[in-house]
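Take a look at the structure below. Turn it around before you read on, and keep the sequence at hand.

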Amino acid sequence: MVKLEEVIDEEFMRTQEGPVDDDDWDTDSDSDTSSIASTTPDETLYERILALQDIIPASARRSFNSKVSTASSWVKSGIVLGGKTLWVVSTSALLLGVPWALAYSEEQMVVEEERAQLQQMRAQQDVS
């Protein structure tokens with residue numbers, strides 16, 4: 001049969017060298033965590049984000065998902081309605097506004113011609 005015996009290392013029994021007072025410790029040096037953070041991970045960002053779903057409970061995820069889908073459907077409906085409204089307004093402006101603008105400018109030209117003829121007639125009457 002094997003008998004196990006604990007052997008104590010002399011290095012553990014020796015007192016450590018260094019400052020005795022807590023105020024003497026140098027806290028300005030880099031910590032060990034900086035070397036851990038600088039290593040490249042084996043997983044992608046997408047995998048990390050997917051792992052975050054385990055933190056949130058399933059009921060909260062379902063509630064959030066339903067709220068997001070409701071909000072997105074409202075936004076989609078608003079965009080579709082806005083697009084249809086913009087189409088109706090722009091086509092109405094083209095079908096009604098352009099002919100009206102042409103007729104108005106033509107009417108202004110006729111008024112200007114009549115005014116010019118009237119001034120010519122007055123000028124001829126003043127000369128004679």
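How many residues apart in helix α4 are Glu 112 and Arg 115? They are 3 residues apart, and that separates them by about one helical turn. Keep this pair in mind while we look at the whole chain. One caution comes before that: the model is predicted.

Begin with the overall plan. The chain has 4 helices and 0 strands. Along the sequence the pattern reads α-α-α-α. Now look for an interior. Of the 128 residues, 0% count as buried. A residue is called buried when its relative accessible area is under 20%. The accessible surface of the chain comes to about 13000 Å². Carbon and sulfur atoms account for 60% of that surface.

Next, follow helix α4. Helix α4 runs over residues 58–127. It has 70 residues. From its first C-alpha to its last, α4 reaches 99 Å. That is close to the 104 Å expected at 1.5 Å a residue. The helix has a kink, though. The kink is about 30° and lies at Gly 97. The proline Pro 99 follows shortly after Gly 97.

A pair of aromatic rings is described by two things: the distance of the centres and the angle of the planes. A search of the whole structure finds 1 aromatic pair. Its partners are Trp 100 and Tyr 104. Their ring centres lie 5.4 Å apart, with 15° between the planes. The pair counts as stacked, because planes under 30 degrees apart are given that name. Both residues lie in α4, 4 residues apart, or about one turn of the helix. How open is each partner? Trp 100 counts as exposed because its relative accessibility is 57%, and the cut-off for exposed is over 50%. Tyr 104 has a relative accessible area of 46%, so Tyr 104 is partly exposed.

Now return to charge. Side chains of opposite charge can pair when their charged atoms come close. The structure holds 2 salt bridges. One joins the side chains of Glu 112 and Arg 115, at 3.3 Å from N to O. This is the pair from the opening question, about one helical turn apart in α4. Glu 112 is partly exposed at 44% relative accessibility. Arg 115 is partly exposed at 45%. In the other salt bridge, the side chains of Glu 43 and Arg 48 meet, at 3.3 Å from N to O. Glu 43 has a relative accessible area of 40% and is partly exposed. Arg 48 is also partly exposed, at 40% relative accessibility.

Which residues make it? They are Leu 45, Ile 49, Leu 52, Ile 55 and Ile 56. The patch covers about 530 Å². Take Leu 45 as an example. Leu 45 is found in helix α3, which spans residues 45–51. At 62% relative accessibility, this leucine counts as exposed.

Notes
Residues are numbered from 1 along each chain as its sequence is written. This is a predicted model: local features need pLDDT of at least 70, side-chain atom pairs count only at pLDDT 80 or more; totals for chains, interfaces and linings use all residues. Side-chain values use heavy atoms; hydrogens and water are left out. Patches are made of residues with over 30% relative accessible area and no salt bridge: like charges are joined within 9 Å, nonpolar side chains (Val, Leu, Ile, Met, Phe, Trp, Tyr) within 5 Å. Accessible areas come from the Shrake-Rupley method with a 1.4 Å probe; for residues, only the protein chains shown count as cover. A salt bridge is a side-chain nitrogen of Lys or Arg within 4 Å of a carboxyl oxygen of Asp or Glu. Helices (H or I, at least four residues) and strands (E, at least two) are DSSP runs, numbered from the N terminus. Buried means under 20% relative accessible area, exposed over 50%, partly exposed in between (1.4 Å probe, protein chains only). Rings of Phe, Tyr and Trp (its six-membered ring) pair if their centres lie within 6.5 Å; planes under 30 degrees apart count as stacked, over 60 as edge-to-face and the rest as tilted. The expected span of a helix is 1.5 Å times one less than its number of residues. The bend at a residue is the angle between axes fitted to the seven residues ending there and the seven starting there.
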